[in-house]
Amino acid sequence: MHTPVDVRLGGLLGDALEANRTGRLSHFITDAHSPAIEIFGREWKLRNTEGDWYGEHAGKWLVAAAKAAARSGDPALLANLRQVADFLVAEQEADGYLGTYSIGHRFMQKQPPKPGTWDGAPSVRTWDVWTHSYLILGFLEVHKHFPEPRYLDAARRIGDLCLHTLTVGGIDITELGNHHGMSATVLMDPAAELYLVTGEKRYLELAELILKQANDNPDLALLNRALAGADAAEIATGKAYQLAWNLVGLAKLHRATGNPVYRQVLDRLWTSIRDNHLSLGGGPWGGVAHRSREVFNAPFAFNPQAYVETCSTLAWIQLNRELLAISGDAKFAGEIERSAYNDLLGAQAPNGEDWCYYVFPNGKRVHTTYWRCCKSSGAMALEELPAIAWQRIADDHIAVNLYGPGEMTTTLAQAGQVSLTQHTDYPFDGAIHLVVRSEHVANFRLSLRIPGWAEQAAIQVNGVAVTEDLVPDTYVELMRAWQPGDEITLNFPMRPAVHRKLNRNVQESFAPDGSPVVQEVLRYEYLAISRGPLAYATGLIDGFKMEETLRLPPGHSDDWLQLLPAPTDGEGPRISMQLGYREPLVFVPYYRAGGRRHGAWRLTWMQLADDPQAVAE
């Protein structure tokens, strides 16, 4: 039996969620006549011969709107949700098809081979399976919060059509998507979710068949390449969004089967992404040199103008959600928090309507156009956060994964109704006051995450210090008989931290005698600042310059980085960089640097002056 958990987030995340509910989710789609839903109507789709992906918005909106309606009790949003879901159910055809393509262009029809594109991938240009994947997830989410057999049946019928197509229909899943099939093999996720929800084996068989076909394709070879040590950028085309979503499906398959090989692949590719392919703000980034904007950069490549696609941030948050559920490892919650407070919030406008397709560590903020995918992905990503922030792990175990003002209420077997409330200015301040209220005095376990950056953390329970070691990127587990009104204080010291990156090119060859020749021919060093979970940035330098070269003063960064009081808007303290030779540079949290408006600039990475004493490697 599912025990409900009521989570209400305040502060930055709560404001973002409220803007999402009253903005994007309440206005983009309202009924069957909304443009993103009209394209599922019979007349429109029967004449659609294009390979478009616009159908994805329906499933994404169903997922996000169902969560928002359930957590908020918004009657208007719920009415819109039911009307749209019912319209889509009514449009589903007898064989289960519920896409936007004309008959001859549907995923059940074999298509002739296509020529290759710039990256060697066939130019398939079909997103039919992709759209159906989001529809399955959308119907399952609606059914989870507002159970109706027709919603679950609609998801089942899509799954059954996909299974028939890949078996009796004789079609390989990798023939149905771009990037050597990765935009179709994402079906692993909804197929595995169908199995986890229904327990029906045919959906597990579908997910495993998709994985087998993905691995058997030599240009994708999802498992084999990872096991051989390939970097994430070397899997198929390295498309960040699609690869991360494939890994979400693989994680659910691991949950369903316990197959250790799946976990090994997940760990290897997660580490590859975390170590080589994340911005300071926690989003997967690409766009360096000749590669597409949306594929992972080559390993260790760095450029402060690289792109973070908001869709990729969604998939990264979801992947960490799954790995957190599998392992209970604090590092996955830490990555979610970093992405949420930086690159995700940095993409959303305060009105909840406008989103950036891309955000850049160094670059101009550009709000994207009506149909762009990232507007729906950002809305989905935000709605992931309440269920992650606080989790009821078991009947005697609650975990606090994300910090910030808020409250959760649930029921435990011995304690009865339990509520936990955070009073804090986090992420601007590391002082957190947590109040425990329970219906009965009872023993249960409370796991509190120690952030990876939180050196010398301290915790007290009712004024008594917790004496065990508080290791960053782990949980401290407090097991005791909790009394109603018990208080926990946490202190995570937040001092500005300096980060360095290197844009470096090394020419490698062999001399005539066979000896290696290695010469560094390009080297640019950069510096950035963070504080706690927040990356920091500034606007245009001196009001007009798009970059700045720094000559750092001698001594430790504590000597030339000064914390300034928060401005009157209360959105966190500023950091002043005291260089001595010029007016100080003032940095603010990245998500709002330069202003959260279209056309604003923010600069995270500052180039460092060349050190003539440095010796090239």
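**A lysine, a threonine and a helix**

Reply: Lys 252 lies in helix α13, which covers residues 240–257; helices here are DSSP runs of H or I with at least four residues, numbered from the N terminus. This is a predicted model, in which local features need pLDDT of at least 70, side-chain atom pairs count only at pLDDT 80 or more, and totals for chains, interfaces and linings use all residues. Residues are numbered from 1 along each chain as its sequence is written, and side-chain values use heavy atoms, with hydrogens and water left out.

Me: Is Lys 252 buried or exposed?

Reply: Lys 252 is buried, with a relative accessible area of 4%, where buried means under 20%, exposed over 50% and partly exposed in between, using a 1.4 Å probe and protein chains only.

Me: And which residues does Lys 252 touch?

Reply: Leaving out residues up to four places away in sequence, Lys 252 touches Leu 137, Asp 189, Ala 192, Glu 193, Leu 196, Arg 321 and Glu 322, a contact being heavy atoms within 4.5 Å.

Me: Switching topic, where is Thr 237?

Reply: Thr 237 sits in the loop between α12 (222–227) and α13, and at 7% relative accessibility Thr 237 counts as buried.

Me: How far apart are Thr 237 and Gly 352?

Reply: They are 115 residues apart in sequence and 33 Å apart in space, C-alpha to C-alpha.

Me: What about α5, how many of its residues are buried?

Reply: In α5, 15 of the 17 residues are buried, so the helix is mostly covered, and α5 is followed by Gly 73, whose phi is positive, near 70°.

Technical notes. Helix = DSSP H or I, 4+ residues; strand = E, 2+ residues; numbered from the N terminus.
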